[in-house]
Amino acid sequence: MTWRGSVTVSDRIFACLPYLLPLIQSLTFGGFLLRQFPVIRVLFIPLSPLISIYQIPFVSLIIFFALFMLVVRNEKISHFIRFNTMQAILLNIVLFLCQIVLQVLGSVPGAGFAIETISNTIFIGILAAVVYSVAQSLFGRYAEIPAISDAVYMQVR
């Protein structure tokens, strides 16, 4: 859906970049899966410089606020880029909430298998959402993720 105007090639590329944030954040959940299938790690080798920067304390928080304040709230930037940036931020918030749930679940004795299963599910779900969103952005279409896209439309006008 491109009802907010035409989407240029540069808009499409810039709309894909914020999805690196939830992708890198989801790697903490993918540890179990990446250890079982080391071949998948090869796909994430190009992200290793960004992953090392992201591990510096408070960098993720600074990036989060920078994207929100400088991109999402800036109406001079096209709606397409602001929409995709806000959607990536909301995916990151979902990951943060899942991390809290897993920490609480980790205090339950004997919950190792459940934690591993939930972590793998979260990782695969976020990976699928990021791939879908990036593909839709490259085609110049708005990625519609249930519930998240509705919240994004309320935030980005």
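I call a residue buried when its relative accessible area is under 20%, exposed when it is over 50%, and partly exposed in between, with a 1.4 Å probe and protein chains only.

**Ground rules.** I am working with a predicted model, in which local features need pLDDT of at least 70 and side-chain atom pairs count only at pLDDT 80 or more, while totals for chains, interfaces and linings use all residues. Residues are numbered from 1 along each chain as its sequence is written, and side-chain values use heavy atoms, with hydrogens and water left out.

**Entry 1, S26.** I looked up S26 and found it in helix α2; helices here are DSSP runs of H or I with at least four residues, strands are runs of E with at least two, and both are numbered from the N terminus. S26 has 0% relative accessibility and therefore counts as buried. Taking contact as heavy atoms within 4.5 Å, and not counting residues up to four places away in sequence, I see S26 touching L95, F123 and I126.

V9 lies in helix α1, and at 57% relative accessibility V9 counts as exposed. From V9 to L27 I noted 18 residues in sequence and 29 Å in space, C-alpha to C-alpha.

I next asked how α6 and α7 run relative to each other. For this, axes are lines fitted to C-alpha atoms, for helices over the stretch in contact, and angles run from 0 to 180 degrees between N-to-C directions. The axes of α6 (residues 79–106) and α7 (residues 112–138) come within 11 Å and cross at roughly 180°, so the two helices are roughly antiparallel; the cut-offs are under 35 degrees for roughly parallel, over 145 for roughly antiparallel, 65 to 115 for roughly perpendicular, and oblique for the rest. On the α6 side the contact includes F80, L91 and L95, and on the α7 side it includes I118, I122 and I126. The residues of this contact divide into 12 nonpolar, six polar and no charged, where Ala, Val, Leu, Ile, Met, Phe, Trp, Tyr, Cys and Pro count as nonpolar, Asp, Glu, Lys and Arg as charged, and the others, Gly among them, as polar.

I then turned to α1 (residues 9–16), whose axis comes within 8 Å of that of α7 and crosses it at roughly 170°. This pair is therefore roughly antiparallel as well. R12, A15 and C16 of α1 make the contact with V134, S137 and L138 of α7, which by class gives four nonpolar, one polar and one charged residues.

Which residues touch the most other members of the largest nonpolar core? They are F44, L91 and V152, in a core of 40 residues; such a core is a set of buried Ala, Val, Leu, Ile, Met, Phe, Trp, Tyr and Cys residues joined through side-chain atoms within 4.5 Å. At least two residues each come from α2 (20–26), α3 (31–36), α4, α5, α6, α7 and α8, and α6 supplies the largest share, 10 residues.

Leaving aside neighbours within four places in sequence, I find F44 in contact with L23, L27, L34, I51, F123 and L127.

**Entry 5, aromatic rings.** Rings of Phe, Tyr and Trp (its six-membered ring) pair if their centres lie within 6.5 Å, with planes under 30 degrees apart counted as stacked, over 60 as edge-to-face and the rest as tilted. I count five aromatic pairs by this rule. F44 and F123 form a tilted pair, 6.1 Å centre to centre with 55° between the planes, and they sit 79 residues apart, F44 in the loop between α3 and α4 and F123 in helix α7. Both F44 and F123 are buried.

The ring centres of F83 and Y153 are 4.9 Å apart and their planes are at 40°, so this pair is tilted; F83 is in helix α6 and Y153 in helix α8, 70 residues apart. F83 is buried at 0% relative accessibility, whereas Y153 is partly exposed at 22%. I also recorded that F80, F83, Y142 and Y153 form one aromatic cluster.

Most residues other than glycine have a negative phi. F58, which is not a glycine, has a positive phi of about 70°; F58 is found in the loop between α4 (48–54) and α5 (59–72), and is exposed with a relative accessible area of 63%. For A147 I noted a positive phi near 70°; A147 is found in the loop between α7 and α8 (148–155), and at 56% relative accessibility counts as exposed.
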